Amino acid sequence: MESLTLKVKQRVQELRQLLQQASYAYYVLDSPIIEDTVYDRLYRELQQLETDYPEIVTSDSPTQRVGEKPATQFTTVRHNIPLYSLENAFNLDELQAWERRWRRQAPNIDAVEYVCELKIDGNALALTYENGVLVRGTTRGDGVTGEDITQNVRTIRSIPLRLNVETFHETSLPERVEVRGETFLPLEVFKQINSQRLASGEQLFANPRNAAAGTLRQLDSRIVARRQLDFFAYTLHIPGLDDASIANTQWEALELLQKMGFRVNPNKRLCATYAEVAEYYQHWDTERLNLDYMTDGVVVKLNSFKLQEDLGFTQKFPRWAIALKYAAEEAPTRVENIAVNVGRTGALTPLAEMRPVQLAGTTVSRATLHNSDRIAQLDIRIGDTVIVRKAGEIIPEVLRVLKELRPDDTKPFVMPTHCPVCNQPVVREMGEAVTRCVNASCAAILKGAIEHWVSRDALDIRGMGEKLVHQLVEKGVVHSVADLYDLTEDKFCELERMGKKSAEKLVNAIASSKNQPWSRVLYGLGIRHVGSVNAQLLTEKFPSVEKLAQARQSDIEGIYGIGAEIAQSVYQWFHIAANQTLIERLQAVGLQFVGEVTLTSDNQKFVGKTFVITGTLPTLKRDEAKALIQKNGGKVTESVSKKTDYLVVGEDAGSKLEKAQSLGITQLSEADLLKLVE
């Protein structure tokens, strides 16, 4: 038994090192060393070993990035080393003034080097490592104290759970290492999150920074993991150690951070003169628009740690660093019209249609005005000259109205009292800023509902684009999402620009969507405030539509991460007769409204049995074989262990077969498996 335990420990250590190296290459160096399928296989093997031998689980294992239990609250902690703010400069003249100030403090310094780094528009984090292992991650807070969000920090893939100890081959591993950096949301991820929030009727994040801040303060780390935060490290402190034995300069510290396993911004630059700093700043003023993350300036630091130490700090800022900010780009233009769009939740959104203007590298001609309260606040009118900017340089917004340029014949804009699409009366509920159309038959609501249903994160019906959805609604072919499942190839062929082959693909795609899991179906229903993450939480608690439909509002609100507003929305939705009819129709055509199989005497054949599948089966796809086993009460894992009961073997079986043979595990062919089921 001891030799087996030793063998397991050695394999676990080997797997952790392999996975750490692979993550470092992928997330830090952007140069993968193994395929995703290989990484997944190694990860699952480690996961299985840690399940079989829970005593070997450690906090720095790659499997521990997402905690199982949500935090109840965040605790306030004092930073070991304060996080100072940076003094701001807004042009090169102010940068020169900063240089004159620090030179007065160090008059004998002649030539100096500067390190320029892009100022990431995110949220600062303080990380603490003890004996090479991440033990704490905290927000900046007020610079002296912050909130302990370690469980959330562990989910960020570009933050190592264990430092690369090979970095310290010439010195002993420091007992404590402090790292500072910026966490942020890549722009593509930010757009995806806002798209999901729009689809679920939630308020959009104004910019990636707000989205990142909101994500970091989620009490459920599973939600944080899904948001895909990233991280750049920029400061290294090793308390109690002579910095010269590790790094003499900021540039050397950045290189060391990367060797330790951190992602460092690749656009940093070591500048020998002030002119080089100015050139770097001017270059990134426009080039930053091509990056996949937000940056609002450049951080300039004196490179020498000795000079930094000599200059010290003011009460607020380090004297040896400054943030050189870019001016927010704004432009004047004229409002030519104010249109009102109707979304799938019935929300009426006013939209300023403007004379096109170039802004932050793109042409802007429209900007949301949000609601009637925002219109009243701006006092915006058709014909007004306005100043527009990109909020977070992504979402166009009207900043202010130049009333001195207002034409004499303008009139205040008033939100319509009837839906601009179906002409039914609209309502504005007490306490809400949004005006809504409540006509369930409204064409705009129906189009939005179907577009949401077929979207990638919902039922993922490929080929069902916006134009096709509009045709189906406008021609009266569909009146609800359930009607999609009655469509035939002939019906599609009657539409514009639709050939037989395309129609066949669409019918197949609609049929395939019936296999999407209960969580996606729930998200696809488009219940207000229920995004994809909330849908997952709800279906984990209520594994069938019947259980959710019968749940009390208090039961729904009791789910961690589901607030009162979401619970009320879900409860009310399931108590509307039309929605109950919709569920019945979707169930009748075969949509999945059950997340877990309810076992009966007919499907308990494999209860308590664990299966592993290896190789290519003759007729069944792996997912089909897995579903068959689970339907009959069995459990399917990825790795062979002493707890495995059966190995289902196909062609080109790999190392799993050898391991199963060594452990004496029963092997089944596909025919054997089907025979057991029968």
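Tutor: Contact here means heavy atoms within 4.5 Å. The model is a predicted one.

Leaving aside neighbours within four places in sequence, methionine 464 is in contact with Val454, Val469, Leu472, Leu484, Phe492, Leu506 and Ile510. The largest nonpolar core has 55 residues, and Met464 is among those that touch the most other members, together with Trp453, Leu484, Phe492 and Leu586. Two of these, Leu484 and Phe492, are also in the contact list of methionine 464.

Helix 12 (443-454), helix 13 (466-474), helix 15 (500-512), helix 16, helix 17, helix 18 (545-550), helix 20 (564-574) and helix 21 (577-588) each supply at least two of its residues. Helix 20 gives the most, with five residues.

Helix 12 and helix 13 pack with their axes 10 Å apart, at an angle of about 135 degrees. Because angles over 145 degrees count as roughly antiparallel and 65 to 115 as roughly perpendicular, helix 12 is oblique to helix 13. Their crossing is right-handed. On the helix 12 side the residues that meet the partner are Ala443, Leu446, Lys447, Ile450 and Glu451; on the helix 13 side they are Glu466, Val469, His470, Val473 and Glu474.

Isoleucine 556 gives another view of the helices. Isoleucine 556 belongs to helix 19 (residues 553-557). Its relative accessible area is 0%, so isoleucine 556 is buried. Apart from neighbours within four places in sequence, isoleucine 556 is in contact with Leu538, Phe542, Leu548, Ala551, Ile562, Ala567, Val570 and Tyr571. Isoleucine 556 and lysine 541 are 15 residues apart in sequence, with their C-alpha atoms 8.6 Å apart in space.

The loop between helix 16 (518-524) and helix 17 (532-541) holds histidine 529. Histidine 529 has a relative accessible area of 10%, so this residue is buried. Its phi is positive, about 75 degrees, although histidine 529 is not a glycine. Most residues other than glycine have a negative phi. Asparagine 131 also has a positive phi, near 55 degrees. Asparagine 131 lies in the loop between strand 4 (123-130) and strand 5 (133-139).

Five strands form an open sheet with mixed pairing, in the order 2-11-10-3-9. Strand 2 (88-89) and strand 9 (269-271) are the edges, each pairing on one side only. Helix 3 (residues 92-105) packs on this sheet and touches strand 2, strand 3, strand 10 and strand 11 (321-325); the directions of helix 3 and strand 11 make about 170 degrees. Within the sheet, strand 3 (residues 114-120) and strand 10 (residues 295-302) pair in the antiparallel sense over seven bridges. In this pairing, leucine 118 stands opposite valine 298 of strand 10. Helix 9 (residues 274-287) lies across strand 3, strand 9, strand 10 and strand 11, and runs at about 20 degrees to strand 3.

To return to the cores: methionine 464 is one of the residues that touch the most other members of the 55-residue core, and helix 20 contributes the most residues to this core. A second, separate core has 38 residues, including Val115, Ile193, Leu216 and Ile238.

Methods:
Residues numbered from 1 in each chain as written. Predicted model: local features only at pLDDT ≥ 70, side-chain atom pairs only at ≥ 80, totals over all residues. Heavy atoms only, no water. Helix = DSSP H or I, 4+ residues; strand = E, 2+ residues; numbered from the N terminus. Buried < 20%, exposed > 50% of the residue type's maximum accessible area, 1.4 Å probe, protein only. Pairing = 2+ DSSP bridges. Axes fitted to C-alpha atoms, helices over the stretch in contact; angles between N-to-C directions. Core = buried A, V, L, I, M, F, W, Y, C linked by side-chain atoms within 4.5 Å. Parallel < 35°, antiparallel > 145°, perpendicular 65-115°, else oblique. Left-handed = near helix turned anticlockwise from the far one by under 90°.
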